[in-house]
Amino acid sequence: MVARFFRNNDRLGIILLPVAAIAIWSFSLAFPSFHVLKPSHSFLSGLLFPCLSVKFWLALNLLFNIGGAYLLSFLCSRQEITEKQNLLPGFVFLLFSGLLNQDGAFHPLLAATIPLTGAFYLLFGTYREELSLSDVFDAAFLLSLGAMFYSPLAVFMLIPFISLLILKPFKLREWLLILVGLALPVLLSSVLLFLFNKSQEGLISSFKSIFVPFHVPVFGVGSFLIHTTSILLGLLGIYNSIFRSGNFKIKSQKVKTVLVWILLFGAGSIFFLNETSFFKGALVAVPLSIFIGDYLGNIKKGILREFLTLLLVAAYICSQLQAGGYL
């Protein structure tokens, strides 16, 4: 029943996305951890956290979740990544972003997801374009801006170069503009700190402390179910994309190849990130949501599609309840 609604990109599905976001947000209100602001690797959010109340950040949490789900669904349909009538990636994204609520009232990745998804949209749109100078620059700028909101996104700085190698012929000017676009938000932030007579230490430390030597990540209480289910469905989604690639357009195949690279960078980074978050797949929430949502949307047997969707929802609820000490 759940998958059937979100599989069809009609008016009901569009309305149900914010309804699902409100339901997930309301469910998180039952956990004390959701009412606390916790420091994270973020330059811009770190500046704003002390200035605004927890209730304000809770409201922003809901708004960014709804906006991120809509933007992800728009990305999938306009760039022909999934079938055009499929809002399941947006719904899966809401579940993954809801897991971030265990880390506080507002996780900086929620804000960073907006420019990150915009960067992916522009990069994927360069397919077979003769020259895409403005799109390439804007994509690199947005990606770097996302890293200003959530510093670990710096692991994706090579993605624009990889995307261009996969999607179109090499153009030196485009590669140079990527470098300029990546550097510009950092330079602007440094200039603003100088103008307001602020120390540059905040900007430097937000990136300096991202990585630590190789270590095995520690999984928190209650995280086993959701991680196991996410990995299982993610692998099924990737398998579906690779072995059913003949049924997709060439652009869709190439874009999914880029998404696999994003998954590899994001998944590999958890062994080096200096962070103890509840959900270890936060960095790959966008590509993972696309692969899982696309896989669920392409399942022809309705019973199997509903079962796997409900399995993910059940894993989400049980993991949250275990983490909160209710189970």
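A pocket, as I use the term here, is an open set of grid points, on a 1 Å grid over the protein atoms alone, with protein on both sides within 12 Å along at least five of seven lines. I note at the outset that the model is predicted.

**Entry 1: second largest pocket**

I looked up the volume of the second largest pocket and found about 240 Å³. Its lining comprises 13 residues, and I recorded Ala20, Ala23, Ile24, Phe91 and Val313 as the closest to the centre. At least two lining residues each come from H1 (2-7), H2 (11-28), H5 (88-99) and H14 (302-323). By class, I found 13 nonpolar residues in the lining of the second largest pocket, with no polar and no charged ones.

**Entry 2: largest pocket**

I counted 20 residues in its lining. Which of them lie nearest the centre of the largest pocket? I listed Ile231, Leu263, Ala267, Val284 and Leu288. For the helices, I recorded that H11 (224-243) and H12 (250-269) each contribute at least two residues to the lining of the largest pocket. H11 provides the largest share, six residues.

**Entry 3: residue classes in the largest pocket**

I checked how the lining of the largest pocket divides by class. I found 14 nonpolar residues, five polar residues and one charged residue.

Key. Residues are numbered from 1 along each chain as its sequence is written. This is a predicted model: local features need pLDDT of at least 70, side-chain atom pairs count only at pLDDT 80 or more; totals for chains, interfaces and linings use all residues. Side-chain values use heavy atoms; hydrogens and water are left out. On a 1 Å grid over the protein atoms alone, a cavity is a set of points where a 1.4 Å probe fits but cannot get out, and a pocket is an open set with protein on both sides within 12 Å along at least five of seven lines; lining residues have an atom within 4 Å of a point. Helices (H or I, at least four residues) and strands (E, at least two) are DSSP runs, numbered from the N terminus. Ala, Val, Leu, Ile, Met, Phe, Trp, Tyr, Cys and Pro count as nonpolar, Asp, Glu, Lys and Arg as charged, and the others, Gly among them, as polar. Grid points are joined across faces, edges and corners, and a volume is the space filled by probe spheres set on the points.
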